[in-house]
Amino acid sequence: MPELPEVETVMRGLAARLQGGRIARAVLHRADLRWPFPPGLEAQLRGARILGFRRRGKYILMRLDGGRSLLLHLGMSGRLLLGPARPNLPTPHEHFVLETEQGWRLGFVDPRRFGAIDLLPTVAETTHRLLAALGPEPLEDQFTAAGLSAALAGRRTPIKTALLDQRVVAGLGNIYVSEALFRAGISPNRSAHTVPGARAARLVPAVRETLTDAIAAGGSSLRDYVQPDGELGYFQHAWKVYGRAGLACEHCPGPPVCPGIRRTVHSGRSTFYCSRTQR
DNA sequence: CAAGAATCCTGTCAGC
DNA sequence: TGCTGACAGGATTCTT
């Protein structure tokens, strides 16, 4: 799915165009995605003023007047398509459409339907069941080596798996965990409880730089992801290990010195790493 | 408890 | 050209 950089990129695109607008209508094309939509959502959104946007982990929060926030999560295959209002041509897997009085049309497309939409009081953004347990924002000051060390202490699971846990740090996904561990020179197989200390001190800036670079590139774009305005992100061209099994990493000369980037599996998910430079 | 597997769902791609 | 199986950016829920 969209991981933090993609969600951030999408959110910025939405904010630039929709902030200050007013919702003319909202239309649901089914009753649920991962969970049922809140009852009466269409009517509750009609006429609402869009005050602004924020991101928490991989969640987008659209702040509305009346003290409400619309929560959007893109799951694995979700996309938000933003363009001029048009006759309601059928777009496959478009489950939710929102139109503004200013002439914008926002479509939520999600073939696999792992995404989520909810409406909550803005004051509940820290207590909502999907948001309450999220760990620190990796690009803010609250994400520190000391805090990360505490979160990893005593955990026997591989660091790769631990970093995918949104309670440890919010927003990393399968691509950027591999990329950040490569950047930090830490093996994904290393038990999480051995990371606190010097390795955590390397990991924090590695995570930050990985995400910052990706946001600067406009997020990665895979099959199921495009930015709201339809442009593609370019960070996928900058992946150093993800999807590069068998290739030499940028630090290594290749065989026989280094066997190249390896693919392995943690908890059923692909991991890519260099066994020579990541320890 | 913690860790790993199963699960939700559809699309794509490689191999035969 | 089909068909089949593996795999895909997530995260909860179920088992062990």
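Biologist: Is Tyr242 buried or exposed?

Modeller: This is a predicted model in which local features need pLDDT of at least 70, side-chain atom pairs count only at pLDDT 80 or more, and totals for chains, interfaces and linings use all residues; side-chain values use heavy atoms, without hydrogens and water. Residues are numbered from 1 along each chain as its sequence is written, while chains are lettered from A and ligands numbered from 1 in the order in which they are written. With a 1.4 Å probe and protein chains only, a residue is buried under 20% relative accessible area, exposed over 50% and partly exposed in between. Because its relative accessible area is 18%, Tyr242 counts as buried.

Biologist: Which kind of aromatic pair do Tyr242 and Phe272 form?

Modeller: Rings of Phe, Tyr and Trp (its six-membered ring) pair if their centres lie within 6.5 Å; planes under 30 degrees apart are stacked, over 60 edge-to-face, and the rest tilted. For Tyr242 and Phe272, the centres are 5.1 Å apart and the planes stand at 65 degrees, which makes the pair edge-to-face.

Biologist: How many residues apart in sequence are the parts that this pair ties together?

Modeller: Helices (H or I, at least four residues) and strands (E, at least two) are DSSP runs numbered from the N terminus. Tyr242 lies in the loop between helix H6 (198–216) and strand E9 (261–266), whereas Phe272 belongs to strand E10 (residues 269–274). The pair therefore ties together parts whose separation in sequence is 30 residues.

Biologist: How many aromatic pairs are there, and at what angle do the planes of Trp239 and Tyr242 stand?

Modeller: The count comes to two aromatic pairs. The ring centres of Trp239 and Tyr242 are 5.0 Å apart, and this pair is edge-to-face because the angle between the planes is 75 degrees.

Biologist: Which ring does Arg129 lie over?

Modeller: A charge sits over a ring if NZ of Lys or CZ of Arg is within 6 Å of the ring centre and within 35 degrees of the ring normal. At 4.3 Å from the ring centre, Arg129 lies over the face of Trp35.
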